[in-house]
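Q: Please take a close look at one residue of this chain, and then go on to the regions around which the rest may be described. What can be said about them in a connected account?

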Amino acid sequence: MELICISPAELLRATVALSLVGSTVAAYLYYNKPKGCLNPEKFMEFKLEKKTQLSPNTAKFRFVLPTPTSVLGLPVGQHIICRGIDSEGLEVIRQYTPITLDSDVGYFELVVKMYPKGRMSHHFREMREGDYLSVLGPKGNFKYKPGQSRELGMLAGDSGITPMFQIIRAILENPKDKTNVHLIYASVTLDDMLLKKELDAFASKFRSRFKVYYVLSQPPVAWNGGTGKTISREVIQSFCQPAQDMQILRCGSAAMAAQLNALGYKSEIRFESMEWNCCDLGHGVVQRILRDCMST
């Protein structure tokens, strides 16, 4: 093999050239954002590329997009509607929020907790690599805009963490967004918590901007977080004190809403969406919701 000697000057010119090419490509992608693959009026089919079991009842599903450079096209804060078949062969839909952003090209990922009696859970449990998922979207009334408030307080229960995770990623991975985030995440056991490893990594990397506090109803013996069946008023008050320049996002039980009401959080600083209080929906409800989707 022949060795090629490159002078420092030549190396510098090559580095500058590559830098300019990279900047040009980045600028092109910024001003010419690829069209998303979603359709708010028609279900689109996406192939399951990889299913990774995270726990006995939770898995991460990676779906491929039409091309390696395709983006899903889901605004931050919005969700998708997934359609499947339950254990009795009936159609069912449920709302989910991907944990990926449009900066992740060529694919999108869902982290799904599959409940024993969940109708859509059955569909995901039965999915195998190579199967297709029917997806409709984007849907939702909330769209996050960088810097829309100085601080975001987040209350999440169990699998309700996924909508929050999407927004947390968007904020922390955007160097221009200086929003501070305080997350209170409640679940049953430590093993039931989704994305805890990723959340802890964010808390370690962005110490001044992201704080997370965990609450368990069945904590282990050595536990320094909160305890209880829901997020208490005292915990909310400690971590998410009401202020004019903050907003509250909730994805959890009605008990959390009651605590916010008692603490005086006004409706104009509180946000929820259909996905954030979702359940499996049967055939009759599916048809009605789909008609509503088509008319919006």
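A: Lys196 lies in helix 4; here helices (H or I, at least four residues) and strands (E, at least two) are DSSP runs, numbered from the N terminus. The model is a predicted one, in which local features need pLDDT of at least 70 and side-chain atom pairs count only at pLDDT 80 or more, while totals for chains, interfaces and linings use all residues. Residues are numbered from 1 along each chain as its sequence is written, and side-chain values use heavy atoms, with hydrogens and water left out.

Lys196 has a relative accessible area of 22% and is therefore partly exposed. On this scale, buried means under 20% relative accessible area, exposed means over 50%, and partly exposed lies in between (1.4 Å probe, protein chains only). Residues up to four places away in sequence being left out, Lys196 touches Leu190 and Tyr214, where contact means heavy atoms within 4.5 Å. The side chains of Lys196 and Asp200 are joined by a polar contact of 2.8 Å. Such a contact is a pair of N or O atoms within 3.5 Å; within protein, one must be able to donate a hydrogen and the other to accept it, and residues adjacent in sequence count only if both atoms are side-chain atoms. Between Lys196 and Tyr185 there are 9.5 Å in space, C-alpha to C-alpha, and 11 residues in sequence.

Phe210, its neighbours within four places in sequence set aside, is in contact with Ile168, Leu172, Val181, Leu183, Leu199, Phe202 and Ala203. In soluble globular proteins, nonpolar side chains tend to be buried together.

Aromatic rings come next. The whole structure holds 9 aromatic pairs; rings of Phe, Tyr and Trp (its six-membered ring) pair if their centres lie within 6.5 Å, and planes under 30 degrees apart count as stacked, over 60 as edge-to-face and the rest as tilted. One of these pairs is that of Phe61 and Phe63, stacked at 6.4 Å centre to centre with 15 degrees between the planes. Both Phe61 and Phe63 are buried. A cluster linked by ring pairs contains Phe46, Phe61, Phe63, Tyr96, Phe108 and Phe124.

Tyr96 belongs to strand 4 (residues 91-96) and is buried because its relative accessible area is 8%. According to an unreviewed UniProt entry, the annotation "binding site" covers Arg94, Tyr96, Val111, Lys113, Met120, Ser121 and Thr162; UniProt positions are given in the numbering used here, feature names are shortened, and annotations may be inferred rather than shown by experiment. With a relative accessible area of 7%, Lys113 is buried. The side chain of Lys113 makes a polar contact of 2.7 Å with that of Asp158.

Thr100 is located in the loop between strand 4 and strand 5 and counts as buried because its relative accessibility is 8%. A polar atom of the side chain of Thr100 lies 3.1 Å from the backbone nitrogen of Glu109.

For the chain in general, the secondary structure comes to 7 helices and 12 strands. Of its 296 residues, 44% count as buried.
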